[in-house]
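Hello,

Here is the structure I said I would pass on. My notes on it follow below.

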Amino acid sequence: MISHSRSLFSLVTFSLSLFPSSSLASTTFSIREATDNACGYGDSCWPTADQWNALNTSLSGRVHAVHPIATVCHDTYGEYDADACAALTTNWSIGQFVSQDDGGYVAHTWGDGYGDDSCGIDTGISGPCGQGRVPPMFADAASVSDLITALAFVRQHNLRVRIKSTGHSLTGGSSAKGAFAISIHSLKDIEFHDDFNGKGSAVTVGAGVQFFELYAAANEAGVVVIGGGCDSVSVSGYTLGGGHSRYSRSLGLSVDQVLEFQIVTAAGVLLTVNENSHTDLWWAIRGGGSGFGVIVSWTLKTHPPVTNELVANFQIVATSQETYEAALLEYLKFIPTLEQNRWSDLMVGTQSVFLLVGAAFKPNITSQADEEALWQPLQDWGAANGLTVAVTFTLYSSQYEVSTTEPFANQHETPLETEVMITRLIPASAFNDDSTLEAMASFFATLPVIQYLDVPGGQVMNGSTDMALNPAWRSAISHIAWYATWSEGATLAEQTAAREIGAQQQANLSSIIGSANSYVNEADPDDLSWPSSFWGNHYSRLLSIKKKYDPQHYFTCTACVGSEYPAGVAF
């Protein structure tokens, strides 16, 4: 792990005041920071220097104090380094760079960019640089034994704890003010199986493996794995919430690939979980998100190599607000055609320039001419309405070639820096009603940026419903996203005001489509209806399993099962 040079205990004191939690039945937006009776930095119960040093010795020197990654651009902590700041500025949006640092959160909003004590790269040497939500103490677990030792320390001191792999959590699950964080980033083992327990080819991956590592290994092994488009994401956090892919319409979600996993419980017990062992956890972990324990490895199905992957890069150039809305509507009407033919796509609409731009993917094609013909009606619509609809097709030989070719390589990722993601899963039924489509297009046209992430449907609809995954995934054919945004350095009050607007927008869309479901990995953690929005009718069962395996409620986060209860207090 990369960590800035700093004294183990020379930490700037910062406020640990938490925002009041809201009830499950909240009807107005509020920041739903989990109530917390666990011990945090600055509390009298916080471990002493001698106690931290003892843990550090037990973990072979892998316990250290951490400041936000951007402290090298400020003189606040005496860590200003012009060269390091220049490198960070160049790589601020590159996940593979940021994720290597304990103080680096690719989703900057939930790390160094949060609240009144944020720390960014654009406010100058003497600009403000607080701790944000970055935990001030970290332990790097290089093995399962290290993890068990660190969790024993958590239990001994009733510490506020967070588990971090890469800091991609778009809901802030791996960060918290004043917490002790355990990094699982170093759990990097990868092992392929020709036949895993009679269930076919598979791969077992450590919880810290990132997709750029797994894609390279899978390519060498001659197989394909279901994984994210942002290749610095870790397998573990991605799979816990569901895990969508450009291959999901052909092969399903990541949770549909799970054959087995290993988890360390709050009591420090390592369990091997599969369809025949600890079946309650087998159900809960597949889609239930974080909070039941710490996953240390996954065993996932692998698939034959992809050949002949056709990529369509497209743009629709509108000329006014009216034609921009018409283009959004026409593309909505086109989504069922893509779904039925197993194309997956990402389309981004930008209101200020009246532009729709995106890319779509279809693996294992047999006739490029037939696939290109599917796009002709969209181009014909543009011609009939005086709009440019440009589509260019490129045929790739393999999954790995697509994943490592710009712009799809995702070396340059756009992180959450001054925004929160707001999403809804759109059911297939919404695409059968013209008035609903028109209302959606009208609403989307008012947003500065709108994303159609069309990966549900197809094989996702055929996946098992006997898991904690939000059932809405099995009936949706589109995943819509937009953002509540603010300026760097905005106060918590300003951030909250922006998020209040986003919450109202989300309510408006829910009213239009008659559904209020979101993907827990890509959502506003303060969604007003979060238990049902993230897990449908599964929440009560998930909560009972949570209480069984984490009865003292050590593992919590805003978008975690049980977060309506105080952390560090027995249920």
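Lys 164 stands opposite Ser 183 in strand E4. Four bridges join strand E3 to E4, residues 180-183, and the two run parallel. Helices (H or I, at least four residues) and strands (E, at least two) are DSSP runs, numbered from the N terminus, and two strands pair if DSSP finds at least two bridges between them.

This is a predicted model, in which local features need pLDDT of at least 70 and side-chain atom pairs count only at pLDDT 80 or more, while totals for chains, interfaces and linings use all residues. Residues are numbered from 1 along each chain as its sequence is written, and side-chain values use heavy atoms, with hydrogens and water left out.

The open sheet

E3 and E4 belong to an open sheet of four strands, in the order E1-E2-E4-E3, with mixed pairing. Strand E1 (63-65) and strand E3 (161-164) stand at the edges with a single partner strand each, so one side of each has no neighbour in the sheet. On average, neighbouring strands of this sheet are turned by 25° against each other, direction ignored. Axes are lines fitted to C-alpha atoms, for helices over the stretch in contact, and angles run from 0 to 180 degrees between N-to-C directions.

Two helices pack on the sheet. Helix H1 (residues 49-58) touches E1, strand E2 (137-140) and E4, and its direction makes about 135° with that of E1. Helix H4 (residues 144-157) touches E2, E3 and E4, and its direction makes about 170° with that of E4. Contact means heavy atoms within 4.5 Å.

Ser 174 lies in the loop between E3 and E4. Ser 174 counts as buried because its relative accessibility is 6%; buried means under 20% relative accessible area, exposed over 50%, and partly exposed in between (1.4 Å probe, protein chains only). Not counting residues up to four places away in sequence, Ser 174 touches Tyr 105, Pro 135, Arg 162, Ile 163, Lys 164, Gly 167 and Ser 169.

Strand E6 (residues 202-206) has five of its five residues buried. Ala 202, Thr 204 and Gly 206 point one way from E6, and Val 203 and Val 205 the other way. E6 pairs with strand E5 (residues 190-193) in the antiparallel sense over four bridges, with His 193 opposite Ala 202. Five bridges join E6 to strand E9 (residues 294-301), also antiparallel, and Gly 206 stands opposite Ser 297 in E9.

The second largest pocket has a volume of about 220 Å³. Of the 14 residues that line this pocket, the closest to its centre are Asp 189, Val 205, Gly 206, Val 296 and Ser 297. E5, E6 and E9 are the elements that give two or more residues to the lining, and E6 gives the largest share, three residues.

On a 1 Å grid over the protein atoms alone, a pocket is an open set of points with protein on both sides within 12 Å along at least five of seven lines, a cavity is a set where a 1.4 Å probe fits but cannot get out, and lining residues have an atom within 4 Å of a point. Grid points are joined across faces, edges and corners, and a volume is the space filled by probe spheres set on the points.

Cavities

By this rule there are four cavities of 30 Å³ or more. The largest cavity has a volume of about 100 Å³.

Regards
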